[in-house]
Protein chains: 2
Amino acid sequence: MDSFVAGVDIGGTGTKFGIVDNLGNVLLSDTMSTKGHADINAYINELHDKLMILIDKVGGVGRIKGIGVGAPNGNVYTGTIEYAPNLPWRGIIPLTKLMQDKFKLPVRLTNDANAAAVGEMTYGAAKGMKDFILITLGTGVGSGIVANGELIYGHDGMAGELGHTIIIPDGRIHPGTLKKGSLESYASATGVVISALEILNNTDKPSSLRNIPIDKIDSKAVFEAATAGDEVAKEVFEYTGRILGISLANFVMFSSPEAIILFGGLTKAGDLILKPTREHMEANLIEVFQNKIKILVSHLKESDAAILGASALMWE
Amino acid sequence: MDSFVAGVDIGGTGTKFGIVDNLGNVLLSDTMSTKGHADINAYINELHDKLMILIDKVGGVGRIKGIGVGAPNGNVYTGTIEYAPNLPWRGIIPLTKLMQDKFKLPVRLTNDANAAAVGEMTYGAAKGMKDFILITLGTGVGSGIVANGELIYGHDGMAGELGHTIIIPDGRIHPGTLKKGSLESYASATGVVISALEILNNTDKPSSLRNIPIDKIDSKAVFEAATAGDEVAKEVFEYTGRILGISLANFVMFSSPEAIILFGGLTKAGDLILKPTREHMEANLIEVFQNKIKILVSHLKESDAAILGASALMWE
């Protein structure tokens with residue numbers, strides 16, 4: 001009888017979960033809010049109630065090999081979520097233990113971007129690659145690094161926090177970490193909005209964005225304005241791509257990957273962001289790395305990719 | 001009968017080579033200039049003449065397992081030196097093949113800093129570690145990265161060029177690569193001198209360095225002035241340590257090493273550079289990495305370390 005795995009992706013806002021077969025098909029899936037629970041136990045109770053509905057539909061826990069979980073600051077070695085600035089729970093959360101006790105199934109946890117990298121390697125753009133870096137460009141910036149065919153976990157399980165690397169010393173402050181000038185402060189959906197507001201506030205350049213109430217300007221509005229030819233919005237993407245491109249050059253000079261795979265909301269801006277990103281990456285690479293590192297956009301369906309990535313942990 | 005390995009370290013200025021036993025003792029060693037040869041063949045002829053004298057002293061080629069070579073931009077996969085900005089030979093040099101033909105011995109080549117990392121792991125401060133980064137702070141800045149107990153070579157053998165990562169976008173130009181704001185432009189012996197000259201030229205701060213002819217100011221002079229309490233010289237090391245510290249924070253957030261091992265001339269400045277480096281590394285790390293990454297100074301004898309590192313390639 002075929003067996004399945006469950007994948008759970010815990011995001012800052014929502015949690016996605018589903019049942020995956022060994023060909024990488026998401027058979028069933030559902031979502032719930034990550035927020036609004038009294039504590040982590042209340043969160044796990046709701047997750048249990050909702051995920052068990054899916055598990056029962058495919059034949060019960062006997063058919064499930066285990067549950068793979070991706071979460072920000074998830075530590076594969078300890079099974080704990082550690083000091084995640086974007087999640088509701090403070091300190092160190094023993095997630096694997098709590099879930100195993102509740103589900104009576106093996107549970108494997110890792111960083112959400114590491115899970116996505118495993119997903120890309122198992123089902124996506126990185127199939128067959130032994131050296132690549134996955135960068136997620138969403139509300140924040142996450143990363144999963146594969147070298148010699150293995151995820152880099154580091155001595156403590158926490159490697160791959162490239163969104164927090166400093167690219168502009170003394171630059172823009174990050175509201176979660178309070179560090180200055182990190183990649184995430186610029187090359188995220190949040191960063192794009194801040195960059196737009198900075199130009200709107202500090203210059204008198206004409207822009208269609210000035211017709212939108214300031215608190216309604218989101219990265220989608222900036223994207224739409226840029227697509228319609230708005231110069232300020234185009235400048236925002238050029239600037240974002242420049243910062244991202246320099247950072248990617250730095251990552252290449254670290255682990256010399258065959259490809260960098262970009263994933264998440266910001267990639268929908270297409271060449272608006274990819275063109276300057278490629279240009280500035282190449283311009284900052286030393287000769288030996290030039291014109292050989294691919295920048296690819298993930299082709300996994302976004303709603304499935306996180307679940308696939310998390311579930312792939314259980315096939316490892 | 002015991003066998004030995006030969007280690008060759010090709011630097012921008014000088015080449016060091018020696019015979020090493022399996023306990024890591026450098027039995028015999030010698031040096032020659034890397035410069036001043038008509039071409040790479042003339043260089044290898046001189047190296048052959050001088051290294052064979054040592055090989056003959058330990059019993060001839062029959063006692064030698066092989067020759068390990070460390071060189072800037074040395075590629076372990078192809079055995080070639082590729083576009084090394086600090087060496088006299090342009091383009092791609094098939095060093096392994098040329099040396100094997102000449103010596104009739106197995107030859108293994110890697111990047112000089114990778115060789116040093118293998119040396120630290122085999123004989124030095126990184127013994128027993130599975131995740132660490134070696135940074136060489138000499139005329140330039142090199143690096144060797146070990147994760148999961150293995151050197152990170154990348155898809156093309158060229159990983160670990162951390163000296164060329166950009167830390168100040170649009171910053172100081174690097175005369176070799178023409179890139180702006182790379183770590184090597186600041187945290188090298190050359191960078192320290194430029195930082196000193198910048199302060200001397202751009203301010204009227206009093207300094208004992210003003211008594212030295214400008215073309216005679218080297219990193220040693222800046223170090224001696226700082227040790228004697230000179231405020232400008234101390235500012236130079238504080239600034240250098242700040243740039244290095246932010247960069248080390250970035251490297252930690254990439255591979256989360258147990259330790260960063262510093263090696264080379266600049267480490268002789270001791271706490272003058274180590275204190276600001278540690279401070280600024282910690283200040284730029286997100287919480288999960290704070291107060292757990294060691295910064296260690298290599299305790300291998302510098303003249304031996306490069307030879308040991310290169311030779312250790314042959315024991316792998």
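Colleague: Is A:Arg90 buried or exposed?
Modeller: A:Arg90 counts as exposed, because it has 9 C-beta neighbours inside 10 Å. The cut-offs are 20 or more other C-beta atoms within 10 Å for buried, 12 or fewer for exposed, and partly exposed in between, with C-beta atoms placed from the backbone. Keep in mind that this is a predicted model, where local features need pLDDT of at least 70 and side-chain atom pairs count only at pLDDT 80 or more, while totals for chains, interfaces and linings use all residues. Residues are numbered from 1 along each chain as its sequence is written, and chains are lettered from A and ligands numbered from 1 in the order in which they are written.

Colleague: Where does A:Arg90 lie?
Modeller: In the loop between β6 (80–82) and β7 (92–93) of chain A. Helices (H or I, at least four residues) and strands (E, at least two) are DSSP runs, numbered from the N terminus. A:Arg90 is also 9.9 Å from A:Ile40, C-alpha to C-alpha, though 50 residues separate them in sequence.

Colleague: OK, zooming out. How many helices and strands does chain A have?
Modeller: Eight helices and 13 strands. Its radius of gyration is 20 Å, close to the 20 Å from the globule rule for 316 residues, so chain A is as compact as a globular protein of that length. That radius is taken over C-alpha atoms, and the rule is 2.2 Å times the number of residues to the power 0.38. The C-alpha trace of chain A spans about 60 × 45 × 35 Å along its principal axes, and 53% of the 316 residues count as buried.

Colleague: Which domains does chain A have?
Modeller: Domain 1 is 4–120 + 303–315 and domain 2 is 128–298; such bounds come from an automatic or database domain assignment. Their C-alpha centres lie 27 Å apart. In chain A, 16 residues of domain 1 are in contact with 19 residues of domain 2, contact being C-beta atoms, placed from the backbone, within 7 Å.

Colleague: And what gives the most to the domain 1 side?
Modeller: Helix α3 (residues 112–123) of chain A, with seven residues.

Colleague: Which residues of α4 in chain A are buried?
Modeller: A:Thr190, A:Gly191, A:Val192, A:Ser195 and A:Ala196. Their cover includes α5 (219–227) and α6 (231–255) of chain A.

Colleague: Switching to chain B: what is the strand order in the open sheet of three strands?
Modeller: β5-β6-β7, with antiparallel pairing. β5 (74–75) and β7 (92–93) of chain B stand at the edges with a single partner strand each, so one side of each has no neighbour in the sheet. β5(B) pairs with β6 (residues 80–82) over two bridges, and two strands pair if DSSP finds at least two bridges between them. B:Asn75 has B:Thr80 as its bridge partner in β6(B).

Colleague: What about β8 in chain B, how many of its residues are buried?
Modeller: Five of the five residues in β8 (residues 107–111) are buried. Strand β4 (residues 64–71) of chain B runs parallel to β8(B), joined by five bridges, and B:Val69 stands opposite B:Leu109 there.

Colleague: Last one: how many residues does each chain put into the contact?
Modeller: 37 from chain B and 38 from chain A. On chain B's side, helix α6 (residues 231–255) gives the most, with six residues.

Conventions: Contact = placed C-beta atoms within 7 Å.
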